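Student: I have a structure open and would like to learn how to read it. Where do we begin?
Tutor: Take a look at it, then ask me about one feature at a time.

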Amino acid sequence: MRLIDWAAKLSRRGFLAGGAATIAAVAVNGTNLIAGPNAAPAVDAVGLNAEESRALLKFTRDLFPHDRLEDSFYARAIAPLEGEAAKDAATRKLLADGIAELNASCMASAGKWFADVPEERLRVAAIRRIEGGVFFAKVYGGTMTPLYNQPELWPKFGYEGPSSALGGYLNRGFSDIDWL
Amino acid sequence: MPAHFDLNDSSVVVIVGSGAGGGTLASELAKKGISVVVLEAGKRMELTEFKNDEIGMFGAFTWFDPRTSSGSWYVAKSSPDLPAWTCKLVGGTTVHWGACALRFQEHEFKTRTRYGAIAGANLLDWPIDLAELAPYYDRAELRMGVTGTHGIPRLPASNHGKVLFAGAKKLGYTQYMTTNMAINSVPRDGRASCQQTGFCVQGCTFGAKWSTLYIDIPQAEATGRAEVRAESQVLRIEHDASGKVTGVVYADRDGNTQRQKARVVAVAGNAIESPRLLLNSASNQFPQGLANSSGQVGRNYMRHVTSTVFAVFDKPVHMYRGTAQSGIVMDEARLDTRRGFVGGYNLELLPQGLPSFATNLLPGEWGRDRASVIDNYANLAGVWIIGEDLARDSNRITLHAERKDKYGIPIPNVHSDDHPNDLAMQQHGLQQADALYKSIGANRTVHHLPFPSTHNMGTNRMSEKPQDGVVNRFGQSHDVKNLFVSDGSQFTSSGGENPTLTIVALALRQSEYIADQMSKRAI
């Protein structure tokens, strides 16, 4: 059976294409579309600070924990939310307040900020306490597609992506299973 | 070349929608010398614009106009604002369909007679039977190039299919094969054969899959008697004092309101938009909505009993390689009430690429367990349960009381409650799919409850008697003689099969009737 090299081998061009797809994906997701038209950019809007971004990244990793993925994949997954927070004060407040809640929760349970808690189970417990809230939904819905729609991530899961330009899988292992 | 008709030309047949029903009807009528104007809400895309990009194509041509949903069905919780996954472009849902082209079974046309009176259901026999539709199924299969019919070879089995078939065999099933597909297994009809890209749902880049976008619509235009107006959203159908329809009002691509006169109007906007249009066309003369003296417009919404089972194996499957839905087990499609339900279901391959799989898996869930399934992506196999759901009076499309679309027209609400029969069938299907995969060594299986509905049926159903349904045996309104329904909303039952082949067969049959009635000046 034709197996694939699970190490990513993508050109810069592939990465850029993935970036564009990621932006489209966020638009598709709907969450941002709903918030978009109503939320006029506030003049005093500033993005998340570095500590907040660090917490958001850790939160996203805990939602979709794949040990095989470096932090850079999660950094790109949260980038659209960071961008939205930089343009829209309401989003920034939603994210900042949510992160503060996670931090307060972890400070009470572990004496540390969320991103500094080494025990995954304690961070997961903190997330459980906010599950069902608006902040949780915003991050869950806003990071999932940008995370999994990164072409350089796909080979790490054994997915080869676009095939038409390579002639499909007709001569590339669509029917070569050998273990049944 | 495409025709151009004047807005005041009242000799034309206006077809609302360009998918399996509307596109086929347009092509057939134009070939018979009838002038046709197709009004399609979506834009026109070319084959070259299709990309092997799941998220991107989902964004490019999904029907995202606002909808709401209600009822006990899972989709009202998991995807309340997108209860159905249909397409908004020329070619409609034939652009993304999986191309399973199955005939309904004989008993599925006669559910009231064969299943009896079932509490909580609104069963009715179709006014036609399989024998009557069979010649049109033949023509539809030849037209669409359906594999496994009329000597057209079947597609080869993919790895994903071989896993399904191995499990089916182990379980004692005998009716498993690569499905009857409207996808070229050999070059045919001027189109290439399947290259096993795995991106059927994103629009077939090779044009090997049948779609009205690049087959029937261009054929219609080539007659010089058909005009397709894309980005034209029909807002209401108008009628005169005698109760005959006179034309439609639509918003063009610039948002301007236009009025196209018509001799005949055929509605083919899918089973949510078609009843919505009729309900939104209410007038003093037809206060319940056009063609709705029965009160059945919008009712009996059916969307198949569905669920998906993904199985995790130790070894690679690479389910994304090859024709998406090209494998089926048909042993459970029979009618056998000893299983605890009426009707039957098929098991059809359901692969997904990583972006779709990972973002659709177990909505709302997170953490290690969910991620571990994605970690095993290369070793997954997936099968879709698709079975007959029962018509229910209360499962219906209604107009939202407050919310309106950008044209000021009330949006549709999709209400559905699972019937106990639906749930019994779903449970049976999940159990059988589990057993199938576990029989060949699956480590675990993951159940996925229904995705947004891709099969939408029944909301303008056919009936012998005007009081039981909306249209007659030809899809002609019982109330308004020059008004037709040409999509899956005319289905009286849902069957356990994918609806497209039946929609095409009905459109072929309907085109003959419309041409005949026009030549006799009956309409």
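Student: Which residues of helix 8 of chain B are buried?
Tutor: First, keep in mind that this model is predicted. A residue is buried if 20 or more other C-beta atoms lie within 10 Å of its own. In helix 8 of chain B, the buried residues are B:Asn270, B:Ala271, B:Ile272, B:Glu273, B:Ser274, B:Pro275, B:Arg276, B:Leu277, B:Leu278 and B:Leu279.

Student: Why is helix 8 of chain B called largely enclosed?
Tutor: Count its residues. 10 of the 11 are buried, so the rest of the structure largely encloses helix 8 of chain B. Its cover includes strands of chain B, among them strand 1 (13-16), strand 6 (233-239) and strand 9 (264-267).

Student: Which phi does B:Asn270 have?
Tutor: A positive one, about 80°, although B:Asn270 is not a glycine. This residue lies in helix 8, residues 270-280 of chain B. B:Asn270 counts as buried because it has 28 C-beta neighbours inside 10 Å.

Student: Where is B:Ala291?
Tutor: In the loop between helix 8 and strand 10 (305-312) of chain B. B:Ala291 has a positive phi of about 65° and is not a glycine. It has 28 C-beta neighbours inside 10 Å, so B:Ala291 counts as buried.

Student: How many residues of chain A are in contact with chain B?
Tutor: 37 residues of chain A, which meet 41 residues of chain B. Helix 1 of chain A gives the most to chain A's side, with five residues. By class, that side has 24 nonpolar, 12 polar and one charged residues.

Note on methods: Residues are numbered from 1 along each chain as its sequence is written. Chains are lettered from A and ligands numbered from 1 in the order in which they are written. This is a predicted model: local features need pLDDT of at least 70, side-chain atom pairs count only at pLDDT 80 or more; totals for chains, interfaces and linings use all residues. Helices (H or I, at least four residues) and strands (E, at least two) are DSSP runs, numbered from the N terminus. A residue is buried if 20 or more other C-beta atoms lie within 10 Å of its own, exposed if 12 or fewer, and partly exposed in between; C-beta atoms are placed from the backbone. Two residues are in contact if their C-beta atoms, placed from the backbone, lie within 7 Å. Ala, Val, Leu, Ile, Met, Phe, Trp, Tyr, Cys and Pro count as nonpolar, Asp, Glu, Lys and Arg as charged, and the others, Gly among them, as polar.
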